[in-house]
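Dear colleague,

I am handing over the structure below, and my notes on it follow directly after. Please read them with the model open beside you.

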Amino acid sequence: MEPKVWISVDMEGVGGLVDRTQFMPGEPEYKRARAEMMAEMRTVVEAAWDAGAGRVVVNDSHDGQLNLAYDGLFGLPPRTELISGMGKRFAMAEGMRGMDLALLIGYHGRSGTSLAVMDHTDSGDVWNVFLNDIEVGELGLNAYLAGYYGMPVGLVAGDAALALEVRALLPDTPFVVTKTAVGRRAARLIHPDQVRDELREATRRAVLQVARGQGPEPLRAKTPVAVRVSFMTSEGADAAMLYPGCTRVDGRSVAASFSDMEQAYLACRTLFLMGTGFPLY
Ligand SMILES: [Zn+2]
C-alpha cells in the first residue's frame with residue numbers, strides 16, 4: 001500500500017533555533033528561522049514521496065499557523081497538500097484523521113521541562129496537563145489523538161529533552177535530535193546538514209515500515225479519558241470552571257472526564273483557550 005502521510009510541523013524544536021526573536025512572526029530573526037523550518041519540512045516531505053507515500057499532507061502547527069507556504073514546497077509533487085491558517089478545529093492535529101502515519105517535526109518539551117528550548121504546552125498559561133494521570137504536552141496530546149484514529153507516530157524530531165517524553169510514551173518511535181538545550185533559550189546546536197540527513201533517513205524508514213504493515217503501535221488512551229489541566233494562575237482555573245462538567249481539583253487545576261480521546265482533545269483545546277490571558281498579578 002502507498003501510505004497516506006501526515007506531517008505536523010512546529011517550530012521550537014527545529015534545528016538551529018533557540019529564541020523567541022526567531023519563533024514569533026514580526027520579530028527580527030523570524031524570517032531566517034522560518035527558512036530553517038521550511039527546510040526541515042521540505043526534507044521530510046521529499047523523503048516521504050521518495051519512499052512511496054500515496055498522499056502527503058502537511059499541517060502548519062506553530063503560533064498563528066501561517067509559517068509554511070508553497071515557496072518551501074516548490075519543485076515537490078504538486079499533490080503535496082498544506083493546511084495553513086488559524087481557527088482550525090483540531091489546530092496542531094488538523095487533517096490527521098484518515099491518514100496512515102504521523103510524523104511530528106519541530107516539536108518541543110511540555111511545560112515545566114528542564115533544559116528544553118522554549119518548553120511550553122499550548123499557550124504559556126498552561127502549567128501542566130494530565131491524561132489518565134499521565135503528564136503530557138503537545139507531543140502527548142497529538143500522539144494520543146493519532147492513536148485514537150488508529151495511526152502510529154513514525155517519527156518525532158526536536159531537542160534532546162523531548163526525547164525523554166518520546167521514550168516514555170512512544171518507546172518504539174524513532175527520534176531525531178536537533179539540538180541540546182543548555183537553558184530555555186540557548187542550545188548546543190547540531191549542524192543542519194546532519195539533522196536533515198537523519199530526518200530523511202528516519203522518514204524513509206517510517207514510510208517503508210508502514211507500507212509493509214509494520215512500525216510502532218498507535219498510542220491509545222484508556223477510556224473514559226480523565227483530563228486534568230493546571231494553569232499559571234487560579235484565575236485561569238476560575239475561567240476554565242465554566243466548562244460544563246468540570247470539577248475544581250485545587251487552586252490552579254480543573255478536571256473532567258470524556259468518553260473518548262477526540263472529545264478529550266477538543267476539551268483540552270477549549271480549557272486552554274478559557275484559562276489563558278490572565279495577568280500573573
Ligand atoms: Zn510552536
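Helix α2 covers residues 30-50, where helices (H or I, at least four residues) and strands (E, at least two) are DSSP runs numbered from the N terminus. Its 21 residues should span 30 Å at 1.5 Å a residue, and the end C-alpha atoms are 30 Å apart, so the two values agree; the expected span is 1.5 Å times one less than the number of residues. After α2 comes G52, which has a positive phi near 105°.

This is a predicted model, in which local features need pLDDT of at least 70 and side-chain atom pairs count only at pLDDT 80 or more, while totals for chains, interfaces and linings use all residues. Residues are numbered from 1 along each chain as its sequence is written.

The domain assignment, whose bounds come from an automatic or database source, gives domain 1 (4-211) and domain 2 (225-274). Their C-alpha centres lie 25 Å apart, and the contact (C-beta atoms, placed from the backbone, within 7 Å) takes 17 residues from domain 1 and 18 residues from domain 2. On the side of domain 1 that touches domain 2, β5 (126-131) and α3 (138-148) each supply at least two residues, and β5 gives the most, with six residues.

Strand β5 also pairs (at least two DSSP bridges between the strands) in the antiparallel sense with β11 (residues 225-231), over five bridges, and there N128 has S230 as its bridge partner. With β6 (residues 134-136), β5 pairs in the antiparallel sense over three bridges, and F130 stands opposite E135.

Best regards

Definitions and conventions
Two residues are in contact if their C-beta atoms, placed from the backbone, lie within 7 Å.
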